[in-house]
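Keep the model open beside you.

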Amino acid sequence: MSDPPPSALVFDWDNTLVDAWPGIASALNAALTTFGHRPWSLAEVRGRVRQSLRDSFPGLFGEAWEHARDVFYEALERTHLQNVTPLPGAAETLRHARALGLTLAVVSNKTGRYLRREAEALGWSDHFVTLIGAGDAAADKPDAAPIRLALSALGVTAGPQVWYVGDTALDMQTARNAGVLAVLIGDAAHDGGPGRAAPALHLADHAALRDHLTRLVRA
């Protein structure tokens, strides 16, 4: 017997559906240099940025973290919509999943208002029942709260019939914390590889994800 098909897909955003790292790096470096820290390379940003701002900035900036937050947001406001590129095959995945009758949502550690603006700019908002970003739930990933908020909007309960699709070990931990299926997309080379992420299901790219969904739904 094949595994049962999912009833809903919840996606991470950055590095799962889109590449928005240049804008994030530019804004983060504005904050870092304002407070006398060296700027990070784009590779460092990709490899180190996992937590939401409210969870990571106190450790980076100490008591000045709220000022650093304001610098970051001011810089991000100016550039983030110019630095959002769909990952190869992502748009096709969203269309295909909806054609298969699946309901979709996003849960990201990107601040909610920026997440929703980026989805709107890409013309993707209508694909999703809800887009949950950092600050929208009581806690951010890897806490289960944002997944639970998304499931409430989707009208489904947690279980293996709900997939959380992401690209990092933190995403996989979030899925496990929420009691949904942890699905890794990509090689996670920026995050220690699939072994560190320990997904329940690993798919190489969006083409592989679409093929797998098709086999399960149409079996």
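Trp21, Gly23, Ile24, Ala25, Ala27, Leu28, Asn29, Ala31 and Leu32 are the buried residues of α1, where buried means under 20% relative accessible area with a 1.4 Å probe, protein chains only. Before going on: this is a predicted model, with local features needing pLDDT of at least 70 and side-chain atom pairs pLDDT 80 or more, while totals for chains, interfaces and linings use all residues. Residues are numbered from 1 along each chain as its sequence is written, and side-chain values use heavy atoms, leaving out hydrogens and water. Helices (H or I, at least four residues) and strands (E, at least two) are DSSP runs, numbered from the N terminus.

What covers those buried residues? Among the elements doing so are β2, α2, α3, α4 and β4.

Now look at α4. Its axis lies 8 Å from that of α1, and the two pack at about 145°; axes are lines fitted to C-alpha atoms, for helices over the stretch in contact, and angles run from 0 to 180 degrees between N-to-C directions. On the α1 side, the contact (heavy atoms within 4.5 Å) includes Ile24, Ala27 and Leu28, and on the α4 side Val71, Phe72 and Leu76.

**Out to the sheet**

Six strands make an open, parallel sheet, ordered β5-β4-β1-β6-β7-β8; strands pair if DSSP finds at least two bridges between them. β5 and β8 each have a single partner strand, so one side of each is left without a neighbour in the sheet.

How values were computed:
Buried < 20%, exposed > 50% of the residue type's maximum accessible area, 1.4 Å probe, protein only.
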